[in-house]
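The sequence and the structure come first, and the commentary follows.

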Amino acid sequence: MATLEIRDLHVTVEADNATKEILKGVDLTVKQGETHAIMGPNGSGKSTLAYSLAGHPKYTITGGTVTLDGEDVLEMSVDERARAGLFLAMQYPVEVPGVSVSNFLRTSATAIRGEAPKLRTWVKEVREAMERLNMDPAFAERNVNEGFSGGEKKRHEILQLELLKPKMAILDETDSGLDVDALRVVSEGVNRVRETGEVGTLLITHYTRILRYIKPDFVHVFSAGRIVESGGAELADKLENEGYEAYAKLDGVDTKGGVSA
Amino acid sequence: MAEAQNIPVGSTTAGSIAVAAESTVATRMSAPPSFDVADFPVPHGREEEWRFTPLERLRGLHDGTAVATGNGVKVEVKAPEGVTVEAVGRDDARLGKAGTPVDRVAAQAYSAFEKAGVVTVPKETVLTEPIRISVHGEGGTAFGHQVIELGAFAEAVVVIDHTGDAVLAANVDYLLGDGAKLTVVSVQDWDEKAVHVAQHNALVGRDASFKSVVVTFGGDVVRLHPRVRYAGPGGEAELFGLYFTDQGQHQEHRLLVDHNVPHCKSNVVYKGALQGEDAHAVWIGDVLIEAKAEGTDTYEMNRNLVLTDGARVDSVPNLEIETGEIVGAGHASATGRFDDEQLFYLMARGIPEHEARRLVVRGFFAELVQQIGLPDIEERLIAKIEEELEAAVA
């Protein structure tokens, strides 16, 4: 069973000619089949965690370990991490001019699977996955993320999730900027992948809204660069009612060890 | 890491659509067209037509100090049966018929060449094999003139290959008879020190079709000036260009389509990729629709893809319209960059870095390459683009 283990992760970023520590000792274990929601106020470091796990060069790891099935993730390049089974659905997917969605998906699937998917089954696979996400077939001929609406970008991310079948999916604010209909379609896509039981999901969000569609097994509250409280789905209800104010006070307090799972 | 942005720091895009009573395309030049080099002052670099060009790197082509040497370029013409290949003097009536030099280097080339090459495809002759002209630089300086003439209803493909090292100034004339179809592929695959400045003049006959594919990869400075005029209504011109500008290279393509006759079409598409410090691409697209050119249909587009920091693009489309009685007229110019965020996105989907770059560049050029319509040329271009990318990665 695939397991992602994050231990005492410290991450800094360079900003305005100064080094700023964003993650201050994150501990988390996500197992295949589990869904963990990470919730927290803006600026708490949630997205930094997502991008650090994926290997974005903007972030410097200054301490701690990340392993996937015992393999050192931090030693891997960005593409190696993806091939090892990590997937990051991005909050702001970038435009890639000149590359069509269909070409991109096939190149990506070829890289992840280690061989080019057979054309006939691949075309069907993509078409069906797009239908499930209510995507127009013409979408495949557009350039990656070029001129996509917010909802189209997120659907495209989830389409990739369905096709690439990672071991660990990190969804960075996939719900942001979506209307209720788009949120439902995207959530259904995530749930289809979760129901296979073959993916561990790290759902990063600011709002509890998406948790009505995607039921987490664990909820972690993120504040000032670390997890400050962990619990079951009921913790989300508490956040819904009380907001993040209670946690803001914890800034600077040593809350290490407050991790379940 | 740079933030994602659409316009690289070193780029300009300035476009204009002018509705003018009098052409400024012509008046923007420092002197009227002439075959005599003495009619042009030595440029100092501030003139409109020279302001982007590094004159100090032209090896004297612009100021009269460049002198032809014995080891300039070796020109070989391979033509199928039925085609006439001649070397003629400057008194030959076919020379200069397609157009007159518009700047000092073109006039210098006309004033200094020894023998001009003339390739003639007789009327109604349809060639099934391309005419291949190899221009190989042997390290010296040369001035050239080449005429390619198609009689009425003749059809031909001409591939002109520039390789080796040379300092070359030239004029190339394309004369298309009525209903003729000419495709010319001019490949600038020079060694790194070469300097190549040329004016291409096409005169498109009634109902004739001219397709020009300009491919520039090599050289220190390449400055080409393809120009099109029409000899009768119903003419069509497609001008495609593809360039890959590397570190330190200056590649400049200046185009003019002069809609001087009614009911003609033109379509200009130039695309370039740039990589490396001081890679500089310039694209000037002038389209003039004269008052008498009713029924004109024209479009021009330039796209640039900047792959690394330190490269610069200047892209200037100009559309000048003297009549409103036209089918269509438009232009577009855009410069985008392949940046670290795009690289991260593709790599985060398992795609290795070199593959990611290749994917983007191939995609960028693919649409243009497919329009060339000559499979062996298309394959060669794709291979050459791959080679450029490999060199950059290494």
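What length does helix H4 (residues 119–132) of chain A reach from its first C-alpha to its last? Helix H4(A) has 14 residues and reaches 20 Å, close to the 20 Å expected at 1.5 Å a residue; the expected span is 1.5 Å times one less than the number of residues. Just after H4(A), Asn134(A) takes a positive phi of about 55 degrees.

## Basis and confidence

This is a predicted model, in which local features need pLDDT of at least 70 and side-chain atom pairs count only at pLDDT 80 or more, while totals for chains, interfaces and linings use all residues. Residues are numbered from 1 along each chain as its sequence is written, and chains are lettered from A and ligands numbered from 1 in the order in which they are written. Helices (H or I, at least four residues) and strands (E, at least two) are DSSP runs, numbered from the N terminus.

The mean pLDDT (the predictor's confidence in each residue, from 0 to 100) of chain A is 92, and 95% of the residues of this chain reach 70 or more. Over residues 252–261 of chain A the pLDDT is below 50, and this stretch has 20 contacts in the model beyond near neighbours in sequence. Two residues are in contact if their C-beta atoms, placed from the backbone, lie within 7 Å.

## The sheet of chain A

Six strands of chain A form an open sheet with mixed pairing, in the order S6-S7-S8-S3-S9-S10; two strands pair if DSSP finds at least two bridges between them. Strands S6 (86–89) and S10 (226–231) of chain A stand at the edges with a single partner strand each, so one side of each is left without a neighbour in the sheet. From one strand to the next, the twist averages 20 degrees.

Helix H5 (residues 150–164) of chain A lies across S6 and strand S7 (168–172), running at about 165 degrees to S6(A). Helix H7 (residues 234–242) of chain A lies across S3, strand S9 (218–223) and S10, and runs at about 45 degrees to S9(A). Axes are lines fitted to C-alpha atoms, for helices over the stretch in contact, and angles run from 0 to 180 degrees between N-to-C directions.

## Strand S3

Strand S3 (residues 35–39) of chain A pairs with strand S8 (residues 200–205) of chain A in the parallel sense over five bridges. In this pairing Thr35(A) stands opposite Thr201(A), and His36(A) opposite Leu202(A). S3(A) also pairs with S9(A), in the parallel sense over four bridges, where Met39(A) stands opposite Val221(A).

Five of the five residues of S3(A) are buried, that is, with 20 or more other C-beta atoms within 10 Å of their own, C-beta atoms being placed from the backbone. Thr35(A), Ala37(A) and Met39(A) point one way from the strand, and His36(A) and Ile38(A) the other way.

## Contact between chains A and B

In the model, 22 residues of chain A are in contact with 20 residues of chain B. On the side of chain A that touches chain B, helices H2 (78–84) and H3 (101–113) are the elements that give two or more residues. The largest share, five residues, comes from H3(A).

## Val287 of chain B

Val287(B) lies in strand S15 (residues 280–289) of chain B and is buried, with 26 other C-beta atoms within 10 Å. Val287(B) and Glu320(B) are 33 residues apart in sequence, yet 6.1 Å apart in space, C-alpha to C-alpha. Leaving aside neighbours within four places in sequence, the contacts of Val287(B) include Val257(B), Ser266(B) and Thr298(B).

Methods: A residue is buried if 20 or more other C-beta atoms lie within 10 Å of its own, exposed if 12 or fewer, and partly exposed in between; C-beta atoms are placed from the backbone.
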